[in-house]
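Please read this briefing alongside the sequence and the 3D view. It takes up the topics one by one.

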Amino acid sequence: MVELGIVGKPNVGKSTFFAAATLQTVEIGNYPFTTIEANRAIGYVRKPCPHLDLGKQCNPKKSLCIEGTRYIPVELIDVAGLVPEAHAGRGLGNKFLDDLRHADALIHIIDVSGSTDAEGNPVPKGSRDPCKDVDFLDKEIAYWIADIIGRGWTRIARRLEAEKVKIEVAIAERLSGLNINDKQVHAALSHLNLDEKPSRWKEEDILALSFEIRRIAKPMVIAANKADITDEEYLNKFLQRCREKGYDVIPISADYELALRRAAKAGFVDYKPGDEDFKILKEDELSAAQLKALEKIREFMHKFGGTGVQRVIEHTVFNVLQMIAVYPVEDEHKWTDKDGNVLPDVYLFPLGSTALDLAYKVHTDLGENFIRAVDGRSKKILGHDYELKDGDVIKIIARR
Ligand SMILES: Nc1nc2c(ncn2[C@@H]2O[C@H](COP(=O)(O)OP(=O)(O)OP(=O)(O)O)[C@@H](O)[C@H]2O)c(=O)[nH]1
């Protein structure tokens with residue numbers, strides 16, 4: 001499953017975001033669609049369900065379909081314990097490292113209203129420049145990576161040169177605890193112009209490489225939280241500065257999303273995560289203050305096209321990680337499994353994955369004994385190297 005790390009300094013709204021994104025407003029069969037552990041829970045991303053093309057209702061097993069929209073689970077990890085200078089031993093512990101290792105990407109929650117200082121203590125609104133918080137996380141992780149790569153570097157690099165070991169392989173090995181591979185290190189190296197002899201790299205070279213590795217291996221999206229209490233001009237300036245620095249940034253209100261999901265769960269409003277608006281269902285059971293609060297939320301949603309929480313998750317999965325949704329079936333005509341369930345499964349894959357990758361994901365046996373695949377729409381035969389497309393319905397044929 002795709003795993004997203006929710007990070008940020010204390011008091012910016014991490015827990016609120018996490019609670020909002022993983023609070024389910026609908027029952028989801030027997031699948032544990034809720035909290036897995038204290039800091040891990042399931043959220044989801046949406047796609048139009050292919051059952052619309054088939055004209056027959058689907059029976060999803062580990063995802064959900066509401067009115068033609070498929071909700072595909074992704075795992076969210078609430079990563080706590082980040083404070084400035086954490087890499088120097090003040091905060092980043094094994095727990096953080098473990099969470100970071102699992103994360104395919106990071107959602108960095110920022111208090112854009114500027115009402116929390118560097119350590120997360122409350123300060124008057126607007127007195128903390130939120131841009132500083134963006135840089136701080138980037139630096140913390142890069143310094144952490146640089147520390148791992150740089151330990152005893154010159155001696156190790158000389159040995160690698162003598163033994164003609166590929167540098168990206170050696171660095172990836174050092175970073176295997178963070179689940180960073182040689183392809184990612186290679187990509188980072190290709191963006192920099194470092195001395196061809198790694199033994200001549202200076203501390204700043206290793207740091208530059210570490211920033212690049214973080215950008216590639218642990219991409220980060222900025223969630224500009226508390227946008228609901230932020231002055232518009234201040235917010236726009238922040239968004240612009242982030243974008244100038246090359247960050248993806250989305251304004252959100254985790255508070256509003258949580259309020260709406262709770263109201264939906266209690267049956268007061270008709271709201272599905274990601275909707276740009278909601279409908280009040282039991283107006284006479286709500287107080288004047290509650291109705292006023294809902295109208296404030298609606299105003300925000302009209303301005304920003306929703307609360308932003310679902311958008312930030314989907315942007316991370318679909319645009320940054322470039323994931324596509326693929327539906328394996330056993331019957332390419334009826335799009336069913338062996339029990340007759342229509343489109344029961346859906347998997348997220350990085351763009352560029354192949355039919356063989358799908359086979360292995362369904363079952364190792366299917367991968368090892370792969371013969372060919374069949375496109376459920378065109379019924380065309382596909383080879384092992386067929387590049388999967390978003391929304392593909394695929395049957396895998398394997399030796400028995
Ligand atoms: N106005 C506003 N307040 C928010 C929003 N999200 C969170 N808050 C408030 O910010 C405070 C901190 O929120 P938390 O979710 O506890 O923050 P956290 O980052 O998890 O904090 P730690 O648990 O200390 O790491 C709470 O008072 C929230 O109600 C938001 O979108 N808008």
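How are H7 and H8 oriented to each other? H7 and H8 are oblique to each other, a term for angles that are not under 35 degrees (roughly parallel), over 145 (roughly antiparallel) or 65 to 115 (roughly perpendicular). This is a predicted model, in which local features need pLDDT of at least 70, side-chain atom pairs count only at pLDDT 80 or more, and totals for chains, interfaces and linings use all residues. Residues are numbered from 1 along each chain as its sequence is written.

**H7 and H8**

- H7 and helix H8 (residues 203–217) pack at about 125°, and their axes are 9 Å apart. Axes are lines fitted to C-alpha atoms, for helices over the stretch in contact, and angles run from 0 to 180 degrees between N-to-C directions. Helices are DSSP runs (H or I, at least four residues), numbered from the N terminus.
- The crossing of H7 past H8 is right-handed, that is, the near helix is turned clockwise from the far one by less than a right angle.
- On the H7 side the contact involves Gln 184, Val 185, Ala 187, Ala 188 and Leu 189, which meet Leu 209, Glu 212, Ile 213, Ile 216 and Ala 217 of H8. Residues are in contact if their C-beta atoms, placed from the backbone, lie within 7 Å.
- The contact of H7 with H8 comprises eight nonpolar residues, one polar and one charged. Ala, Val, Leu, Ile, Met, Phe, Trp, Tyr, Cys and Pro count as nonpolar, Asp, Glu, Lys and Arg as charged, and the others, Gly among them, as polar.

**H6 and H7**

- Helix H6 (residues 167–174) packs with helix H7 (residues 182–190) at about 120°, with axes 8 Å apart. That makes H6 oblique to H7.
- H6 also passes H7 in a right-handed crossing.
- Glu 168, Val 169, Ile 171 and Ala 172 of H6 meet Asp 182, Val 185, His 186 and Leu 189 of H7. By class, this contact has five nonpolar, one polar and two charged residues.

**Around the ligand**

- There are 17 residues around the ligand, and Gly 13, Lys 14, Ser 15, Thr 16 and Asp 255 come nearest. A residue is near a molecule if its C-beta atom, placed from the backbone, lies within 6 Å of it.
- Helix H1 (14–22) and helix H10 (254–265) each give at least two residues to this shell. H1 has the largest share, three residues.
- The shell has five nonpolar, eight polar and four charged residues.

**Domains**

- The protein chain is divided into domain 1 (3–124 + 220–318), domain 2 (140–216) and domain 3 (325–398), with bounds from an automatic or database domain assignment.
- The centres of domain 2 and domain 3, taken over C-alpha atoms, are 37 Å apart.

Terms used
Two residues are in contact if their C-beta atoms, placed from the backbone, lie within 7 Å.
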